[in-house]
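Please look through the structure shown here with an eye to its side-chain contacts. The report after it takes these contacts one kind at a time.

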Amino acid sequence: MAGPSLTIFFLSFLFFCAISEASKCSVKGLPEVRNISALPQSNYGRGGLAHTTVAGSLLHGLKEVEVWLQTFSPGSGTPIHRHSCEEVFVVLKGSGTLYLAPNSHEKSPGKPQEFSIFANSTFHIPVNDAHQVRNTNEHEDLQVLVVISRPPVKVFIYEDWFVPHAAAKLKFPYYWDEECLEVEPPPKDEL
């Protein structure tokens, strides 16, 4: 019969093996307080991007919102895109430009409006308005905290502002969700 020390050792060993085999997708159930710098970060093949899902639908089991921390090096940014959810940005540091096509409900996004963004500024993107965020500052990174509604996000990506909506490329699930998606998500409640 094994003593308590051997039992504790065996259980600790099993726990260690389970943790070391876990993917970045298995953080559901962790404590509510997390160190952001300890969360997985990647550029997902997009040069100049550092993305961290602070709280996510597939990663953490959230159903209504997702929170991301994104850092863009000088000259980098998002692709021109739109999605059927609201999005809120808080600029934590740096500066850049928001390109927003509020007439996205025509045949194509069309010529965007340009807005300067800077540390301590905030802005929101209405549902289905094509937009792009770029770090136009040559000297420092642009860091933003992003909150989206209704995850996981279906994103439509445009080569330029005059590509017809029907020719936009659908990306679903988006990069930071795809390796965690095990089954088709349930349909969203479109009230």
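Predicted model: local features only at pLDDT ≥ 70, side-chain atom pairs only at ≥ 80, totals over all residues.

## The salt bridge

The structure holds one salt bridge, and its partners are lysine 169 and glutamate 159, whose closest N and O atoms are 3.2 Å apart. This pair links distant parts of the chain, since lysine 169 belongs to strand E12 (residues 169-171), while glutamate 159 lies in the loop between strand E11 (155-158) and E12, 10 residues apart.

## The aromatic pair

There is one aromatic pair in the structure. It is formed by phenylalanine 89 and phenylalanine 123, which are stacked, with 4.6 Å from centre to centre and 10° between the planes. Here too distant parts of the chain are linked, with phenylalanine 89 in strand E5 (residues 87-93) and phenylalanine 123 in strand E8 (residues 122-125), 34 residues apart.

Phenylalanine 89 has a relative accessibility of 2% and therefore counts as buried, a term that means under 20%; phenylalanine 123, with a relative accessible area of 11%, is buried as well.

## Charges over rings

The charged end of arginine 82 is placed over the ring of phenylalanine 156, at 4.3 Å from the ring's centre. Lysine 154, for its part, lies over the face of phenylalanine 172, and its distance from that ring centre is 5.4 Å.

Definitions and conventions. Residues numbered from 1 in each chain as written. Heavy atoms only, no water. Salt bridge = Lys/Arg side-chain N within 4 Å of Asp/Glu carboxyl O. Helix = DSSP H or I, 4+ residues; strand = E, 2+ residues; numbered from the N terminus. Phe/Tyr/Trp six-rings, centres within 6.5 Å; stacked < 30°, edge-to-face > 60°. Buried < 20%, exposed > 50% of the residue type's maximum accessible area, 1.4 Å probe, protein only. Lys NZ or Arg CZ within 6 Å of the ring centre and 35° of its normal.
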